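Welcome! Take a look at the structure below, and then let us walk through a few of its features together.

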Amino acid sequence: MTTSVAAYEARRVRRYHLALLGVSLLILLLSLARVIADAPELTSSGTFAAALLLAVPIALAGLGGLWSERAGVVNIGLEGMMVLGTWFAGWAGYQWGATAALIAGLAGGALGGLIHAVATVTFGVDHIISGVAINLLGPGITRFLSEVLYAQGTVAADKGAGITSSPGLASEAPSVSLPLLSDGPDGLDLLGKLENTHWFLLSDIAGILRGLTHDVDVLVILAVALIPLTFFVLWRTSFGLRLRSCGENPWAAESLGVNVYRTKYIATVISGALAGLGGVFLVFVTTKYVEGQTAGRGFIGLAAMIFGNWRPGGLAVGASLFGYADGLQLRSSQSVTGLLLFAAMLLLIYTGYEVRRRLAAGEPGVRQYTGAAVASLAAVVLLWLWMTVDKLPNEFVFITPHVLTLLVLSAASQSLRMPKADGVRYRRGEQH
């Protein structure tokens with residue numbers, strides 16, 4: 001027993017070391033790409049600040065999906081739950097301020113999760129059908145409520161509301177900066193000064209750190225804290241063990257005394273609340289509810305969760321990758337060419353790693369190297385584009401972050417394992 005525990009601890013420490021090495025390698029490659037491509041926005045504090053803002057709602061939606069799917073409930077209704085969160089946050093926020101917006105957005109998303117739980121857990125409706133229905137109901141319900149409560153002649157309309165938007169928030173969420181290192185213009189802002197030197201690697205690290213610590217919204221800090229908190233609850237507590245057992249084998253969990261129905265309900269309501277929190281964040285960014293402001297982030301969050309292999313750490317990596325690519329495109333269209341070089345470097349490293357792994361395992365045959373061949377071909381194409389194209393068309397610039405994200409996610413998502421009973425209809429007392 002002692003030997004197995006020691007072996008487990010050794011594997012865990014090794015994983016942490018590998019993760020640190022991976023992050024260091026990514027920063028080094030970004031710095032190289034920034035210098036070679038002469039694209040300062042690749043590692044600027046503005047890019048990483050934008051990436052953080054864009055990644056947070058995706059990560060919150062993904063966390064929502066993680067909670068429900070670990071309990072065996074497929075939740076593709078995250079988009080609709082986010083929409084409910086945005087509307088209720090905007091409605092409460094213009095009347096009572098940021099705190100009321102936070103509570104109301106959580107409640108709105110949780111309501112969507114509750115509807116999904118009633119349909120799937122109690123009535124046994126197919127999980128996909130229920131999720132699609134919620135994605136249709138969310139925008140429909142919010143448009144109806146807007147037409148009733150924001151119509152001309154109402155108090156809300158007098159404050160600037162319309163059928164597609166709420167009045168501005170009565171108060172905004174506070175933001176904080178790291179003292180001395182990333183303070184505002186009146187402070188020392190040591191990271192900002194180091195970033196402006198444009199030294200290789202050092203200025204890049206300073207830009208990244210400043211973007212992640214300067215003028216950060218309190219809700220961003222809460223969202224980031226929810227990732228390790230989710231890991232702790234689901235993988236380090238007895239409640240988390242019971243919840244995950246419902247997603248792996250609910251009949252075995254039932255035989256051990258777990259109330260599977262209640263656990264699935266709790267997980268799905270929490271799932272909706274987290275998606276609603278993602279909607280609250282979008283309202284805080286725009287300072288009001290605007291129809292359509294989720295823009296498919298619920299679906300992207302679901303994709304990030306799958307890419308992360310139904311684990312919080314992997315989900316955070318997927319959300320960060322998409323947020324960074326999108327933030328770079330918004331900050332500087334020309335820096336996207338530098339992103340092409342960076343992606344080519346990553347794909348070449350992946351190709352080398354995959355070939356080495358296959359050779360070490362002694363796996364013969366051409367089919368075993370298909371992934372490496374595709375990655376190397378994509379890397380060559382990206383390098384050719386970077387070397388031959390001086391200015392990318394605007395349409396290509398717009399889709400490049402999404403395409404590159406898909407390429408990297410596809411290469412990294414070769415060994416996924418979903419919960420065994422995810423989406424399986426459960427009935428108490430039945431044998432599977």
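A residue counts as exposed when its relative accessible area is over 50%, as buried when it is under 20%, and as partly exposed in between. Keep those cut-offs in mind as you explore this predicted model.

**Aromatic pairs**
- Two rings are described by the distance of their centres and the angle of their planes.
- Across the whole structure, a search turns up nine aromatic pairs.
- One of them joins Phe48 and Tyr324: the ring centres are 5.3 Å apart and the planes sit at 40 degrees, so this pair is tilted.
- Because Phe48 belongs to helix H2 and Tyr324 to helix H14, the pair ties together parts that are 276 residues apart in sequence.
- Both Phe48 and Tyr324 are buried.
- Trp91 and Trp96 make an edge-to-face pair, with 5.6 Å from centre to centre and 90 degrees between the planes.
- Is Trp96 buried or exposed? Its relative accessible area is 55%, so Trp96 is exposed, whereas Trp91, at 27%, is partly exposed.
- Ring pairs also link Trp91 and Trp96 into a cluster with Trp87, Phe88, Tyr94 and Tyr150.

**The second largest pocket**
- This pocket has a volume of about 280 Å³.
- Of its 16 lining residues, Leu53, Asp215, Val216, Asp217 and Val285 are the closest to the centre.
- Helix H2, strand S2 and helix H12 each give two or more residues to the lining.
- The lining is made up of ten nonpolar, three polar and three charged residues.

**Helix H13**
- Helix H13 covers residues 297-307, and its buried residues include Leu302, Met305 and Phe307.
- After H13 comes Asn309, which has a positive phi, near 60 degrees.

Notes:
Residues are numbered from 1 along each chain as its sequence is written. This is a predicted model: local features need pLDDT of at least 70, side-chain atom pairs count only at pLDDT 80 or more; totals for chains, interfaces and linings use all residues. Side-chain values use heavy atoms; hydrogens and water are left out. Buried means under 20% relative accessible area, exposed over 50%, partly exposed in between (1.4 Å probe, protein chains only). Helices (H or I, at least four residues) and strands (E, at least two) are DSSP runs, numbered from the N terminus. On a 1 Å grid over the protein atoms alone, a cavity is a set of points where a 1.4 Å probe fits but cannot get out, and a pocket is an open set with protein on both sides within 12 Å along at least five of seven lines; lining residues have an atom within 4 Å of a point. Grid points are joined across faces, edges and corners, and a volume is the space filled by probe spheres set on the points. Ala, Val, Leu, Ile, Met, Phe, Trp, Tyr, Cys and Pro count as nonpolar, Asp, Glu, Lys and Arg as charged, and the others, Gly among them, as polar. Rings of Phe, Tyr and Trp (its six-membered ring) pair if their centres lie within 6.5 Å; planes under 30 degrees apart count as stacked, over 60 as edge-to-face and the rest as tilted.
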